[in-house]
Amino acid sequence: RFETAASRAERMFTPGGRRKVRTAADPPMPPDEALKMLKEGNRRFVKGEPQATRTNEGMRNALVDMGQAPHTAVIGCADSRAPLETIFDAMPGDIFVLRNAGNTCTHAEGSMVGSLEFSTGKLGAQLILVLGHTKCGAIYGATNAYLEAKNSEVSSVNSALEGLLLDLAPVAEKALADMGSNSDAETVAAHAVRVNVFHTIDFLLKYSAPIREKVKNGQLEIQGGIYHLDSGNVEFMGRSPSQPELLSSKVSIPPSMTREGGRTSGYGPAMRGTHGVRTGADSAIAAEDALKMLKDGNERFAVGAPLAKHATSKMREALVSHGQAPHTAVFGCADSRVPVDTVFDAMPGDLFVLRNAGNTCTHAEGSMVGSL
């Protein structure tokens with residue numbers, strides 16, 4: 001529906017020129033209009049002409065009585081220099097805000113994805129913006145850690161911060177590949193900020209079926225941006241280049257919310273084992289659960305989102321001291337293009353693997369059958 005400037009002003013402002021608040025009494029805002037509001041708000045912020053500076057009791061009561069209906073959900077960084085409502089000159093009720101160090105989904109991804117499913121489902125937001133910023137400490141730290149350690153094996157971490165930086169290594173790795181091995185750390189880290197924005201968007205598309213379906217149906221738009229600390233301007237980057245490919249993903253929930261990803265309570269069999277890998281200390285897994293593990297692992301491999309990592313020294317010690325208890329025996333081909341453990345995203349201790357040319361029992365059948 002075409003809306004005149006006068007009718008839009010009447011809807012958004014009081015007769016005295018004060019911004020109104022959005023509530024659940026307002027209709028959902030199309031993503032292009034929500035994006036326009038963000039851009040206009042950022043322009044006002046840069047000019048030093050904010051409009052969202054004052055609320056009153058009536059506005060606050062309206063948000064309580066009628067509930068919220070944010071026009072946009074934003075994943076931003078926790079950095080104190082990048083206050084999202086201020087950057088976009090947003091009123092209470094305008095934007096649904098998620099923030100952490102590095103505007104990322106590498107940890108607590110269930111919390112981030114679940115929150116976005118809530119805001120785009122129950123609350124009706126039709127735009128998600130993932131916003132990075134220049135000189136991001138988390139991304140610069142991850143990049144420097146990656147550049148220092150890329151030729152050494154990291155087997156464990158000693159703090160949550162180290163874990164966060166370690167799991168941002170794929171972002172730093174891609175940034176280095178894009179910029180070239182001769183690039184200095186500053187150049188790689190600055191580019192990694194951009195890579196990380198699309199990395200987070202790609203995670204949402206890979207691991208949330210409700211979000212994917214809304215994007216497919218044109219009910220939701222996901223875009224990225226970079227906030228420039230020096231100028232105050234937000235650079236809007238558009239959609240992830242990988243969006244068309246990722247819309248075919250079949251994964252329905254984030255890795256951390258599955259037993260394979262390390263969940264230790266709730267539903268499903270304890271598939272990873274009490275020591276992080278399956279050992280003789282773990283009980284047998286039913287055939288249907290083992291088959292599901294293979295299917296899920298292959299899906300992760302196919303979409304480029306593996307969970308299996310190098311075993312730590314403690315995991316290796318557990319495999320030695322407790323022995324093995326693989327959930328599946330696999331009879332595969334020796335072909336170098338079909339690495340069985342990789343194809344099923346399996347950890348050490350998961351699979352008992354037999355391989356020969358042609359995955360056959362025509363020769364040395366006693367060996368193969370006896371092994372099985």
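Helices (H or I, at least four residues) and strands (E, at least two) are DSSP runs, numbered from the N terminus. By that rule, the chain has 15 helices and seven strands. The structure is a predicted model: local features need pLDDT of at least 70, side-chain atom pairs count only at pLDDT 80 or more, and totals for chains, interfaces and linings use all residues. Residues are numbered from 1 along each chain as its sequence is written, and side-chain values use heavy atoms, with hydrogens and water left out.

**Overall make-up**

- Buried residues account for 41% of the 372 residues in the chain. Buried means under 20% relative accessible area, exposed means over 50%, and partly exposed lies in between (1.4 Å probe, protein chains only).
- Take the contacts between residues at least 6 apart in sequence: 70% of them join residues at least 24 apart. Contact means heavy atoms within 4.5 Å.

**Aromatic rings**

- A pair of aromatic rings is described by the distance of the centres and the angle of the planes.
- Rings of Phe, Tyr and Trp (its six-membered ring) pair if their centres lie within 6.5 Å. Planes under 30 degrees apart count as stacked, over 60 as edge-to-face, and the rest as tilted.
- The count by this rule is three aromatic pairs.
- One of them joins Phe96 and Phe118. The ring centres are 6.2 Å apart and the planes stand at 55°, so this pair is tilted.
- The Phe96 and Phe118 pair links distant parts of the chain, 22 residues apart. Phe96 is in strand β2 (residues 95–100), and Phe118 is in helix α5 (residues 109–121).
- Phe96 is buried, at 16% relative accessible area, whereas Phe118 is partly exposed, at 39%.
- Phe203 and Tyr207 form another tilted pair, because their ring centres are 4.5 Å apart and their planes are at 50°.
- Both Phe203 and Tyr207 belong to helix α9 (residues 185–207), four residues apart, about one turn of the helix. Both are buried.

**A charge over a ring**

- Lys39 lies over the face of Phe236, at 5.4 Å from the ring centre.
- The rule: NZ of Lys or CZ of Arg must be within 6 Å of the ring centre and within 35 degrees of the ring normal.

**Positive phi**

- Most residues other than glycine have a negative phi.
- Lys135 has a positive phi, near 60°. Lys135 sits in the loop between β3 (127–133) and α6 (137–149), and is partly exposed at 45% relative accessible area.
- Asp345 also has a positive phi, near 45°. Its loop runs between α14 (340–343) and β7 (351–356). Asp345 is buried, with a relative accessible area of 4%.

**Cavities**

- Two cavities of 30 Å³ or more turn up in a search of the whole structure. On a 1 Å grid over the protein atoms alone, a cavity is a set of points where a 1.4 Å probe fits but cannot get out.
- The second largest cavity holds about 50 Å³ of space. Grid points are joined across faces, edges and corners, and a volume is the space filled by probe spheres set on the points.
- Residues lining the second largest cavity include Arg19, His71, Phe88 and Asp94. Lining residues have an atom within 4 Å of a point.
- Helix α2 (residues 31–47) gives the most to this lining, with three residues.
- The lining has five nonpolar, one polar and four charged residues. Ala, Val, Leu, Ile, Met, Phe, Trp, Tyr, Cys and Pro count as nonpolar, Asp, Glu, Lys and Arg as charged, and the others, Gly among them, as polar.

**Contacts across the chain**

- Thr23 lies in the loop between α1 (5–12) and α2. Thr23 is buried, at 4% relative accessible area.
- Leaving aside neighbours within four places in sequence, Thr23 is in contact with Ala62, Leu63, Met66, Gly67, Gln68 and Ala69.
- Phe331 is in strand β6 (residues 328–333) and is partly exposed, at 25%.
- Val353 is in strand β7 and is partly exposed, at 29%. Not counting residues up to four places away in sequence, Val353 touches Val330, Val340 and Asp341.

Key:
1 Å grid on protein atoms, 1.4 Å probe; cavity = no way out; pocket = protein on both sides within 12 Å on 5 of 7 lines; lining within 4 Å.
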